[in-house]
Amino acid sequence: ESWRINFRAKPPTPEEFLTEKYLGPTAKTIYPRIKKTFVEFMNPTASYRNLILYPHIGWGKSYLSTLITLYISVYVSLMKNPWKWFGLSPSTQLSQMLISYSLKKSSELLLEPYFNIMEASPFFEKVIRKDAMKEKVEEFAYKDTVDKLYYTTATPSSALAFDSGLTIKMGSSVQGLLGLTLISCVMSELAFFTDAGKSPEYIMRLYNDAKSRIGTRMKGNYFGRS
């Protein structure tokens, strides 16, 4: 039970995460192809860190990306000291980023499905104020299990924040990456950036800058993914 050294409760395996305990009724609606790709990509013995999805419309690219992001959120939020796990300063603000060609599209494609899954699951509970999360966390301070993760949308510069301090941010530009310590990043509909007036060179810069920012912070860590 070496997990006790670094975690508040035993974190789920990729297979365990795709169950009703963590996803609620959503777990019953996941297509086999989504499960297969999720488990393969998150296999702890594999060297995968970047996933490029280009199948047909309706395959579930955004849905899969949401599940991957949420799995990392849960795992990191179950850590006692996430900054220590990643070898960073205690003052570090850890973030995951959701990017598309506009903030509106980032919300529609990535953030809203993320919220929908959490709202349907008994494992997540929203609180109004950030300071109220600390009081809630104390319920599990002396237990071997954590039955809930708490989050709030009362954050000035993020879409939401977990009780661990991990934040979810949205972006639509290279400038949005500046100064962030990113664990993971989802970039959706990159080809449509041209419709928003961006050049192919800009798209590649965004793609490479996001991967580079994750790489320099995470240094190949299992959770450092795009």
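## A tour of the aromatic rings

A search of the whole structure finds 17 aromatic pairs. Rings of Phe, Tyr and Trp (its six-membered ring) pair if their centres lie within 6.5 Å; planes under 30 degrees apart are stacked, over 60 edge-to-face, the rest tilted. This is a predicted model, where local features need pLDDT of at least 70, side-chain atom pairs count only at pLDDT 80 or more, and totals for chains, interfaces and linings use all residues. Residues are numbered from 1 along each chain as its sequence is written, and side-chain values use heavy atoms, without hydrogens or water.

**Stop one.** Select Tyr 71 and Tyr 75. Their ring centres are 5.7 Å apart and the planes stand at 75 degrees, so the pair is edge-to-face. Both lie in helix H4 (residues 61-77), 4 residues apart, about one turn of the helix. Helices are DSSP runs (H or I, at least four residues) and strands likewise (E, at least two), numbered from the N terminus. Tyr 71 is buried, at 1% relative accessible area. Tyr 75 is buried too, at 17%. Buried means under 20%, exposed over 50%, partly exposed in between (1.4 Å probe, protein chains only).

**Stop two.** Now select Tyr 101 and Phe 193. Centres 6.4 Å apart and planes at 80 degrees make this pair edge-to-face. The pair links distant parts of the chain, 92 residues apart. Tyr 101 is partly exposed, at 26%; Phe 193 is buried, at 1%.

**Stop three.** Select Lys 198 and Tyr 202. Lys 198 lies over the face of Tyr 202, 4.6 Å from the ring centre. The test: NZ of Lys or CZ of Arg within 6 Å of the ring centre and within 35 degrees of the ring normal.
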